[in-house]
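Me: I'd like a close look at one part of this model, with the rest of the chain as its setting. Could you take me through it in one connected answer?

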Amino acid sequence: MGGPPLYHQQYGHPRLRARHLPFAVTPQRAREWLTCMQTALHESPEIDPDTAAEMYMALSRVAVQMVNSENEA
């Protein structure tokens with residue numbers, strides 16, 4: 001999100017999707033995670049509303065990319 005690449009330098013690419021493949025990430029679970037993240041952004045007073053909105057949009061793209069299973073019945 002624009003900061004220094006410290007994680008990449010120490011551990012390499014995070015491979016988020018690959019690391020989540022053992023778990024069923026459904027569209028519903030992705031939406032629920034995104035709801036939790038939105039709540040956290042809104043409850044963090046040090047994050048201004050414009051930055052929170054930008055972060056939410058980035059997290060929305062991540063949530064879509066993590067889906068690897070269909071919704072449960």
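In which helix does Cys36 lie?

Reply: Happy to. Cys36 lies in helix α3, which covers residues 27-42; helices here are DSSP runs of H or I with at least four residues, strands are runs of E with at least two, and both are numbered from the N terminus. Before going on, please note that this is a predicted model, in which local features need pLDDT of at least 70 and side-chain atom pairs count only at pLDDT 80 or more, while totals for chains, interfaces and linings use all residues. Residues are numbered from 1 along each chain as its sequence is written, and side-chain values use heavy atoms, with hydrogens and water left out.

Back to your residue. Cys36 counts as exposed because its relative accessibility is 52%, where exposed means over 50% relative accessible area, buried under 20% and partly exposed in between (1.4 Å probe, protein chains only).

Now the setting. The protein chain has four helices and zero strands, in the order α-α-α-α along the sequence. Its radius of gyration is 14 Å, well over the 11 Å that the globule rule gives for 73 residues, so the chain is more spread out than a compact globule. That radius is taken over C-alpha atoms, and the rule is 2.2 Å times the number of residues to the power 0.38. The C-alpha trace spans about 40 × 30 × 15 Å along its principal axes, and buried residues make up 18% of the 73. Of the contacts (heavy atoms within 4.5 Å) between residues at least 6 apart in sequence, 75% join residues at least 24 apart.

Because Tyr7 and Tyr11 are four residues apart in helix α1, about one helical turn separates them. Tyr7 is partly exposed at 41% relative accessible area, whereas Tyr11 is exposed at 53%.

Arg15 is found in the loop between α1 and α2 (16-20). Its phi is near 50 degrees, a positive value in a residue other than glycine. Most residues other than glycine have a negative phi. Arg15 itself is partly exposed, with 48% relative accessibility.

Finally, Met66 belongs to helix α4, residues 49-66. Met66 is buried because its relative accessible area is 12%. Leaving aside neighbours within four places in sequence, Met66 is in contact with Leu16, Arg17, His20 and Val25. Its C-alpha atom is 17 Å from that of Met55, eleven residues away along the chain.
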